[in-house]
Amino acid sequence: MSAAVAYRDATPADGPELAAMARRSFTDTFGTLYRQEDLAQFLDAAFGSAGLPADLTDPAYRVRVATDNDTIVGYCKIGPVTFPGDWPDSAIELHQLYILGEHHGAGLAPVLMDWALDQARSRGATEMILSVFVDNHRARRFYERYGFVEIGKYTFMVGDHQDDDRLMRLTL
């Protein structure tokens, strides 16, 4: 990793590179947990043309990327809450905060999280909601350091596979 990590808002032109980075990050982190057909189905839905790249043209979502030598190595996406339940209009969801493994511990995640919180507050959000895999201890500790607290369970689908996630909330 170079010392010249830069941050900027994602644009629709970033769609293919951002989707490829997200696929790689998810697969590197969780790929061994699923049957290949479940993983492929999830990756296509989440990061195919109707997924993450389409969100780059939707004003309800904001995406910030971290680049190293102009290559996307991390990103953060916020937008409307999509979890089932009765959420206040002033709630916002942290949909994804992904960093490629070779960049873990380099300080990218806090910069992206600070951006997400600033964006949420500037939109008038009063709380941020996210889900995290129950066994992703590194991510859970990271969110807890920011003050997120567990508020319930959530079934996260990867194809036909049901993951045990935890919903977390931060009052802004």
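**Pocket lining and sheet architecture**

The lining of the largest pocket comprises 26 nonpolar, 14 polar and 8 charged residues. The model is predicted, and in it this pocket has a volume of about 1,200 Å³. Of the 48 lining residues, those closest to the pocket centre are Gln96, Leu97, Tyr98, Asn136 and Tyr143. Strand E4 (residues 91–99) supplies the largest share of the lining, with 7 residues.

Strand E4 belongs to an open sheet of 7 strands, arranged in the order E1-E2-E3-E4-E5-E7-E6 with mixed pairing. The edge positions are taken by strand E1 (5–9) and strand E6 (149–158); each has a single partner strand, so one side of each lacks a neighbour in the sheet. From one strand to the next, the twist averages 25°. Strands of a sheet pair through backbone hydrogen bonds, in either a parallel or an antiparallel manner. Strand E5 (residues 127–133) and strand E7 (residues 161–171) run antiparallel and are joined by 7 bridges. Across this pairing, Leu130 stands opposite Met168 in E7.

Two helices that lie across strands of the sheet are described here. Helix H1 (residues 15–30) lies across strand E2 (62–68), strand E3 (71–79), E4, E5 and E6. Its direction is at about 90° to E3. Helix H4 (residues 108–122) lies across E1, E2, E3, E4, E5 and E7, and runs at about 30° to E3.

Notes
Residues are numbered from 1 along each chain as its sequence is written. This is a predicted model: local features need pLDDT of at least 70, side-chain atom pairs count only at pLDDT 80 or more; totals for chains, interfaces and linings use all residues. Side-chain values use heavy atoms; hydrogens and water are left out. On a 1 Å grid over the protein atoms alone, a cavity is a set of points where a 1.4 Å probe fits but cannot get out, and a pocket is an open set with protein on both sides within 12 Å along at least five of seven lines; lining residues have an atom within 4 Å of a point. Grid points are joined across faces, edges and corners, and a volume is the space filled by probe spheres set on the points. Helices (H or I, at least four residues) and strands (E, at least two) are DSSP runs, numbered from the N terminus. Ala, Val, Leu, Ile, Met, Phe, Trp, Tyr, Cys and Pro count as nonpolar, Asp, Glu, Lys and Arg as charged, and the others, Gly among them, as polar. Two strands pair if DSSP finds at least two bridges between them. Axes are lines fitted to C-alpha atoms, for helices over the stretch in contact, and angles run from 0 to 180 degrees between N-to-C directions. Contact means heavy atoms within 4.5 Å.
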